[in-house]
Amino acid sequence: KLQFLYLIVATRAPAAPPAPQGTMATSSPRAECEVRKACVVGGGSFGTALGMVLCKKGAHVNVWVRSAAQADAVNRSRENAKYLPGVEMPANIHFTSDCAAAVAGVDLILLAIPTQFLRAFLEDHRSTFPVGPPIVLCAKGVEVGTLSSPFEIVRDELPGKYGKHLAVLAGPSFAKEMCKWLATNVTVAAENPSVAEKVQCMMSSRAASFRCYASGDIIGCEVAGAVKNVLAIASGSCTGIGLGNNARAALICRGLSEMTQLAMALGSTGEAMSGLAGVGDLLLTCSSELSRNFTVGVRLAKGETLDQITSSTNSVAEGVATARSLRDLAAKVGVEMPICEQVYLVLYENKTPADALRDLEARPLSREKRPPPAKHTDCM
């Protein structure tokens, strides 16, 4: 049924109306294009799954990992046992700890390193990347301290000649489902429409049931990707407390409002909020225990400490660090984000999820608000 749905979506998408000012105009119909060789920087579950998608359409894929021992283990066993146990690696994927070799001669580069570690990696490999291939940012979050998004981190750390080749990938995409070739739709955003469309064609794969939509709303995609992880912790806590579907629906709806207000304040066109990167990824992440952030929330509500949770998992739950930086970013631009504020207090001020819920429900009654008009700032 999922494959049939993918076929319908792929072949019967309605024609788009004229794009409003500031959004990406719709060009002539596009099709998949060949990728001969690609590099994924970061061999976690998501980076590995993205590499497998490209392998499915015939590309040879190098996956860079920091540890030579991890690379050797995956290449020998044909399994990324640490992050995707039980998933057999295709023959045309190769893991390596040599970044220069990994990016040599590639058509496409995907950066799938967690946001909090991205800058340090780029500082060490600033002159390693070839100029010309699109560089797609796949991390989601806000850097602690600088309050920078992944796009801003890369723009700051790589020379200006790379800037016109940058794109952002966002949307509902669990790695475990991607590896089973279950239908997955995402958004690819870039400042240059031709770059977004090029990456869209390179990443889309009917063989892997992986479909990309092009966008110009980089800010919206990155804000959505950061905020949804924090909201997923709140949603997991609701489940852990034992609240019902009504509470989860309310949290997702009010969380979307917080996300939209922050994105618009930072200069988003708003295009991403109602799309795959916004409401799509928010619904997925807030509704499934496949989400690392959702699972963190469940475990917090059941009484585990943050230290106990983080020390017992291999994968990074981006929402934990993002809750801190997001709080600072919201304060900087003057946007009220009460749900995200309570997540911060639970994570870092020892507040219980039950007390956080009580305080949210005790807020003064108010009207539902329209998001403010977009304005540009020096943030994100």
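At 5% relative accessibility, C340 counts as buried, where buried means under 20% relative accessible area, exposed over 50% and partly exposed in between, with a 1.4 Å probe and protein chains only. The structure is a predicted model, in which local features need pLDDT of at least 70 and side-chain atom pairs count only at pLDDT 80 or more, while totals for chains, interfaces and linings use all residues. Residues are numbered from 1 along each chain as its sequence is written, and side-chain values use heavy atoms, with hydrogens and water left out.

The cysteine named at the outset also leads to the matter of disulfides. A disulfide is a covalent bond between the sulfur atoms of two cysteines; here it is taken as a pair of cysteine sulfur atoms within 2.5 Å. For C340 the closest cysteine sulfur is that of C286, and because the two are 9.7 Å apart, they are too far from each other for a bond. Across the whole structure, the search for disulfides finds zero. Another cysteine, C221, counts as buried, with a relative accessibility of 2%.

Among contacts (heavy atoms within 4.5 Å) between residues at least 6 apart in sequence, 77% join residues at least 24 apart.

Helix α15, residues 338-348, packs with helix α9, residues 218-241, at an angle of about 65 degrees, their axes being 9 Å apart. That makes α9 roughly perpendicular to α15, a term for angles of 65 to 115 degrees, whereas angles under 35 count as roughly parallel, over 145 as roughly antiparallel and the rest as oblique. The contact is made by V227, V230, L231, I233 and A234 of α9 together with I339, C340, V343 and L347 of α15. The axes used here are lines fitted to C-alpha atoms, for helices over the stretch in contact, and the angles run from 0 to 180 degrees between N-to-C directions.

Helix α15 also meets α10: the axes of these two come within 8 Å and cross at roughly 100 degrees, which makes α10 roughly perpendicular to α15. On the α10 side L251, R254, G255 and E258 take part, and they meet P338, I339 and C340 in α15.

R78, in the loop between α3 (68-77) and β3 (93-96), has a phi near 60 degrees, a positive value in a residue other than glycine, and R78 is partly exposed at 22%. W181, in the loop between α7 (175-178) and β7 (184-189), likewise has a positive phi of about 60 degrees although it is not a glycine, and W181 is partly exposed at 23% relative accessibility. G132 lies in the loop between α5 (115-124) and β5 (135-137) and is partly exposed, with a relative accessible area of 27%. The C-alpha atom of G132 is separated by 6.7 Å from that of H165, 33 residues apart along the chain.

Technical notes:
Helices (H or I, at least four residues) and strands (E, at least two) are DSSP runs, numbered from the N terminus.
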